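Dear colleague,

Please find below the structure that I am handing over to you, together with its sequence. My findings follow directly after it.

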Amino acid sequence: MRAIECNVACCSVCHHIVKMPSKKGIAICPRCKEEVTYRKTNSIQHTWALVIASIVFYIPANMLPMMHVQTFAGTQSDTIISGVIYFLHSGSYLIASVIFIASIIVPITKLMILIYLLISLQIKNTKNKIKKKKLYALTELIGKWSMVDVYVVAIMIALVHFGGLSEIKAGQGANYFLLVVILTMLAAIRFDVRLIWDIKEDNAT
Amino acid sequence: MSEHIVCCHECDELVAIPHPYREGRFKCPQCGSLLFRHKSGMIEKMYALSLSALVLFGATNYFPFLSFEVASNVTEANFFTSVLYLSKDGEYILSLAILMTTIVIPLLRIVLFLALFAPLYYKHIPSYATHTLKILEYSTPWGMLDVFLIGVLVSLVKLVKMGSIIAGTSLWAFGVLVFVIAYMQVTYNPHQIWDLIDNNKGSK
């Protein structure tokens with residue numbers, strides 16, 4: 001038996017089972033005094049908005065430099081991709097793959113999974129529910145790992161500041177990349193997995 | 001033996017679970033996702049872990065985790081220096097994000113865990129328990145110390161070519177801290193505390 005069929009909902013904070021007043025109601029959880037609804041409100045719209053915003057920010061995040069390395073020989077600016085290529089050339093394959101996975105594969109996978117889930121909800125595709133649930137769990141799990149590149153930039157800035165000798169400054173790309181990470185994490189939080197399991201009932205009625 | 005009804009967050013299935021709980025994991029029969037883990041001694045473990053996490057957090061922030069030397073110029077980095085230099089350069093968004101995800105939120109979570117589990121260990125339910133549990137629930141995805149550790153390791157390898165780099169004391173404390181926090185995350189079972197709060201209300 002599902003909660004929504006029994007007119008009860010689960011509190012998102014304390015997981016108390018709350019009796020709902022009506023089919024589309026809002027209740028206050030008696031245990032933790034938090035607002036309880038059947039599903040996250042406007043989950044699909046909010047997730048779409050956040051997904052689109054992060055796609056938009058992902059473009060400057062890749063085009064603009066993440067950091068500028070100033071030495072007496074001149075200034076060198078590195079974007080995400082040029083950083084990866086630099087490490088491939090210098091033979092640090094491990095670092096190249098860490099950066100590549102964290103800053104390119106993880107955000108793109110996250111966005112692709114969310115878009116796939118949103119579209120399959122909207123066209124009422126009922127197949128592979130378990131798989132979809134696992135994909136969503138994956139987006140939640142990998143969400144924060146794309147911050148690695150931002151942290152690397154921050155640590156390098158903290159360590160390399162020798163006046164004219166060599167200095168590292170953050171580029172605009174780092175800001176946009178940070179926004180991409182935060183927005184995709186918010187998108188994953190806003191998405192309501194339970195909607196995947198709701199589709200069956202829509203078809204039956 | 002009574003039954004407790006638990007709702008699966010993933011598929012909204014209502015699951016009846018016999019109470020008192022057996023040890024181990026409980027899974028949703030419909031979708032197979034983890035409902036919760038039940039372990040005896042959760043409160044004692046969490047109390048011990050949060051205390052050690054607090055000590056380790058202090059050590060990690062007090063000592064530099066990396067020092068870097070180029071042509072007899074030495075710089076040292078700890079958590080706060082990266083925030084400091086970023087804000088000096090006018091990168092306020094970046095420095096704020098790093099301050100929040102690596103210092104404020106992890107410290108807040110450790111302190112809240114300690115404030116929650118220390119009284120619970122002495123069989124007293126603090127009056128602020130509900131609020132604490134709420135904040136802990138919302139802040140879960142935003143503590144990113146484990147990601148920061150990978151960031152430190154990557155920059156360590158990156159900088160090796162530019163000069164001599166020395167890993168400091170606090171890098172070891174930091175590595176242990178990440179494991180302690182991960183172990184806390186696995187042990188922590190808010191259901192058990194909510195049940196305690198419920199029982200307490202019932203007895204009054």
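The notes below cover conventions, domains and strands.

The model is predicted: local features need pLDDT of at least 70, side-chain atom pairs count only at pLDDT 80 or more, and totals for chains, interfaces and linings use all residues. Residues are numbered from 1 along each chain as its sequence is written, while chains are lettered from A and ligands numbered from 1 in the order in which they are written.

Chain B comprises domain 1 (1-38) and domain 2 (40-203), with bounds from an automatic or database domain assignment. The centres of these two domains of chain B, taken over C-alpha atoms, are 30 Å apart.

Strands here are DSSP runs of E with at least two residues, numbered from the N terminus; two of them pair if DSSP finds at least two bridges between them. In chain B, β1 (residues 2-7) and β2 (residues 14-19) pair in the antiparallel sense over six bridges, and B:V6 has B:V15 of β2(B) as its bridge partner. Six residues lie between the strands of this hairpin, where B:D12 takes a positive phi near 70 degrees.

Chain B also holds an open antiparallel sheet of three strands in the order β6-β5-β7. Because β6 (73-77) and β7 (164-167) of chain B are at the edges, each with a single partner strand, one side of each lacks a neighbour in the sheet. Strand β5 (residues 66-70) of chain B pairs with β6(B) in the antiparallel sense over five bridges, and B:L66 stands opposite B:A77 in β6(B).

Yours sincerely

Note on methods
Helices (H or I, at least four residues) and strands (E, at least two) are DSSP runs, numbered from the N terminus.
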